[in-house]
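Visitor: I am new to this structure and should like to learn how to read it. May we proceed feature by feature?

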Amino acid sequence: RYTNVSVFTQEPFVGFDSARQWRLTSGDGLKTVYYQCRDSVGNTTTVSASVTVDSTPPIRSGGQPLSELPSGTGKTTLSLTTDEPALCRYSETKGVDYDVMQVSNALSQGFSTSHSIVVYPSGNGLYSYAVRCIDALGNKNTDDFNVPFRVGRPNSTSYGMNVLVLKYFPLT
């Protein structure tokens, strides 16, 4: 007989089945199944088996670089962290599925919580890299984690104007 709690109350004994299916409690986390076995003379023993259920994709944070880089910066490190070991890839195009992103755009060589890769901006301007990750159980991000930054300041436009200043002082 089987249960998701450590106390057996009214669970019936069932025949042996080497491929028994059992429904775990809902949600992610550590799950334990308890089962009791009884032999032909009525002796029982209780055992348990535990598994961690994870159906959540990695949570990404700490994207770098955060700010404006000096004009003419030819390379910088794109980095972020995940809350669990994962593989991460980037795309310069938003909305690209993880499986379609180029393997050469991987931010780490193996499952890790710290991810980084050197990227090469092609000049001054705005850049944004979309990052998606996958954990060891195959849970993939379906949304982009954007890492935007600017290389150099935007060109400011200044205008030269001649100004005529008139001062009027009435005599009365």
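Guide: Let us begin with burial: a residue is called buried when its relative accessible area is under 20%, exposed when it is over 50%, and partly exposed in between. The model before us is predicted. In it, Cys88 has a relative accessible area of 1%, so this residue is buried.

Visitor: How much confidence does the predictor place in the chain?

Guide: The general idea is a caution: where pLDDT is low, the predicted coordinates should not be read in detail. Here the mean pLDDT of the chain is 90, and 95% of the residues reach 70 or more. Confidence is highest in strand E6, at a mean of 97, and lowest in strand E5 (residues 68-69), at 90.

Visitor: Is the disulfide right-handed or left-handed?

Guide: The torsion about the S-S bond of Cys88 and Cys133 is about 105°, so the disulfide is right-handed.

Visitor: Is Cys133 buried or exposed?

Guide: Cys133 is buried, at 0% relative accessibility. Another cysteine, Cys37, is partly exposed, at 38%.

Visitor: How many salt bridges are there, by the rule used here?

Guide: The rule asks for a side-chain nitrogen of Lys or Arg within 4 Å of a carboxyl oxygen of Asp or Glu. By this rule the count comes to 3. One of them is formed by the side chains of Asp143 and Arg60, with 2.7 Å from N to O. Asp143 lies in the loop between E8 and E9, while Arg60 lies in strand E4 (residues 60-64), so the pair ties together parts that are 83 residues apart in sequence. Asp143 is partly exposed, at 41% relative accessibility, whereas Arg60 is buried, at 12%.

Visitor: Which residue meets Lys140 in a salt bridge?

Guide: The partner of Lys140 is Asp99, with 2.4 Å from N to O. Lys140 is in the loop between E8 and E9 and Asp99 in the loop between E6 and E7, so this pair ties together parts that are 41 residues apart in sequence. Lys140 is partly exposed, at 30% relative accessibility, and Asp99 is also partly exposed, at 48%.

Visitor: Which residue meets Asp144 in a salt bridge?

Guide: The side chain of Asp144 meets that of Arg132, at 2.8 Å from N to O. Asp144 is in the loop between E8 and E9 and Arg132 is in strand E8, 12 residues apart. Arg132 is buried, with a relative accessible area of 7%.

Visitor: Which residues touch the most other members of the largest nonpolar core?

Guide: A nonpolar core is a set of buried nonpolar residues joined through side-chain atoms within 4.5 Å. The largest one has 17 residues, and Leu78, Tyr90, Leu107, Tyr129 and Val131 touch the most other members. Strands E6 (76-91), E7 (112-119), E8 (125-135) and E9 (145-151) each supply at least two residues of this core. The largest share, 5 residues, comes from E6.

Visitor: What does Val131 touch, apart from residues up to four places away in sequence?

Guide: Its contacts include Arg60, Cys88, Asp143 and Asp144.

Visitor: Where is Val96 found?

Guide: Val96 is in the loop between E6 and E7. Val96 is buried, with a relative accessible area of 18%. Leaving aside neighbours within four places in sequence, Val96 is in contact with Ser91, Met101, Arg132 and Asp144. The C-alpha atoms of Val96 and Val131, 35 residues apart along the chain, are separated by 9.2 Å.

Visitor: What is the order of strands in the open sheet of 3 strands?

Guide: Strands of a sheet pair through backbone hydrogen bonds, either parallel or antiparallel. In this open sheet the order is E1-E2-E3, and the pairing is antiparallel. Strands E1 (2-3) and E3 (44-53) stand at the edges, each with a single partner strand, so one side of each is left without a neighbour in the sheet. Strand E2 (residues 29-38) is joined to E3 by 10 bridges. As an example, Arg38 has Thr44 in E3 as its bridge partner.

Technical notes. Residues are numbered from 1 along each chain as its sequence is written. This is a predicted model: local features need pLDDT of at least 70, side-chain atom pairs count only at pLDDT 80 or more; totals for chains, interfaces and linings use all residues. Side-chain values use heavy atoms; hydrogens and water are left out. Buried means under 20% relative accessible area, exposed over 50%, partly exposed in between (1.4 Å probe, protein chains only). Helices (H or I, at least four residues) and strands (E, at least two) are DSSP runs, numbered from the N terminus. Contact means heavy atoms within 4.5 Å. A disulfide is a pair of cysteine sulfur atoms within 2.5 Å. Two strands pair if DSSP finds at least two bridges between them. pLDDT is the predictor's confidence in each residue, from 0 to 100.
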